[in-house]
Amino acid sequence: MTTIVVVDNHGQFTHLERRALRDLGVETELVDNETPPEEVEADGIVLSGGPDMDRIGHSADYLRDGRPVLGICLGMQLIAAELGGRVEGGDYGGYADVTVEITDPDDPLVGSLAPETRVWASHADEVREVPEGFSRTARSDVCGVEAMSDPERALYGVQWHPEVAHTEEGEEVFENFVAICESA
């Protein structure tokens with residue numbers, strides 16, 4: 001059975017990420033972000049959202065051990081920041097219902113949502129420049145990088161929260177990530 005661990009970066013929706021995976025029949029566990037990767041047995045890692053880049057614990061260490069990673073909101077931002085991208089405050093700010101345009105219909109994580117989807121996202125901070133090796137896979141009117149992917153390293157990120165009910169096709173994002181983990 002596929003096992004995916006959710007690394008808790010103190011986000012308000014983290015428990016919903018675990019639940020979404022469990023509802024898909026995935027073996028899942030929620031671990032504190034102070035847990036080092038070598039103590040975690042899993043086929044894939046979800047880096048949760050959270051309030052503060054200063055409280056990410058060992059989250060960045062999970063980017064270097066070869067397992068597929070899905071970063072959600074802050075999780076995507078820390079992937080970008082750690083690997084040479086650029087993260088800045090967003091122009092739009094807090095949570096909102098946003099229409100996202102999928103810019104890469106072949107992307108293994110979000111391509112199946114093309115041409116567009118409705119999501120619930122916070123734009124207090126956002127990725128302004130993707131790291132080397134990544135491509136932007138989604139955008140919106142309020143954010144230039146709503147999703148990014150590096151399939152070679154199996155590193156993926158979404159600015160939005162696929163785990164909340166306001167996101168129309170959130171379950172499909174998790175299904176696609178499970179498929180990525182199973183084929184890794």
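Which residues of helix H1 (residues 14-23) are buried? In this predicted model, local features need pLDDT of at least 70 and side-chain atom pairs count only at pLDDT 80 or more, while totals for chains, interfaces and linings use all residues. Residues are numbered from 1 along each chain as its sequence is written, and side-chain values use heavy atoms, with hydrogens and water left out.

The buried residues of H1 are Thr14, Glu17, Ala20 and Leu21; buried means under 20% relative accessible area, exposed means over 50% and partly exposed lies in between (1.4 Å probe, protein chains only). These residues span an arc of only 115 degrees around the axis, which puts them on the same side of H1. The arc is taken from the directions that lead from the helix axis to the C-beta atoms. Helices (H or I, at least four residues) and strands (E, at least two) are DSSP runs, numbered from the N terminus. The packing partners of the buried H1 residues are strand S1 (3-8), strand S2 (27-32), strand S3 (44-47), strand S4 (69-72) and helix H3 (170-183). After H1 comes glycine 25, with a positive phi near 85 degrees.

Next comes the sheet. Its 9 strands form an open sheet with mixed pairing, in the order S2-S1-S3-S4-S9-S8-S7-S5-S6. The edge strands, S2 and strand S6 (116-129), each pair on one side only; two strands pair if DSSP finds at least two bridges between them. Neighbouring strands of this sheet are turned by 20 degrees against each other on average, direction ignored. S3 and S4 run parallel and are joined by 3 bridges, and isoleucine 45 has valine 69 in S4 as its bridge partner. Helix H2 (residues 74-82) lies across S3, S4, strand S5 (86-102), S6, strand S8 (147-150) and strand S9 (155-158), and runs at about 115 degrees to S4. For such angles, axes are lines fitted to C-alpha atoms, for helices over the stretch in contact, and values run from 0 to 180 degrees between N-to-C directions.

In the loop between S2 and S3 lies asparagine 33, which is buried at a relative accessible area of 1%. Apart from neighbours within four places in sequence, asparagine 33 has contacts (heavy atoms within 4.5 Å) that include Asp8, His10, Arg55 and His58.

Phe13, Tyr95 and Trp120 form one aromatic cluster. Rings of Phe, Tyr and Trp (its six-membered ring) pair if their centres lie within 6.5 Å; planes under 30 degrees apart count as stacked, over 60 as edge-to-face and the rest as tilted. By this rule there are 2 aromatic pairs. Phenylalanine 13 and tyrosine 95 are edge-to-face, at 5.8 Å centre to centre with 75 degrees between the planes. This pair links distant parts of the chain, 82 residues apart, with phenylalanine 13 in the loop between S1 and H1 and tyrosine 95 in strand S5. Tyrosine 95 and tryptophan 120 are stacked, at 6.1 Å centre to centre with 10 degrees between the planes.

The largest nonpolar core has 30 residues, and those with the most contacts inside it are Leu70, Leu109 and Trp160. A nonpolar core is a set of buried Ala, Val, Leu, Ile, Met, Phe, Trp, Tyr and Cys residues joined through side-chain atoms within 4.5 Å.
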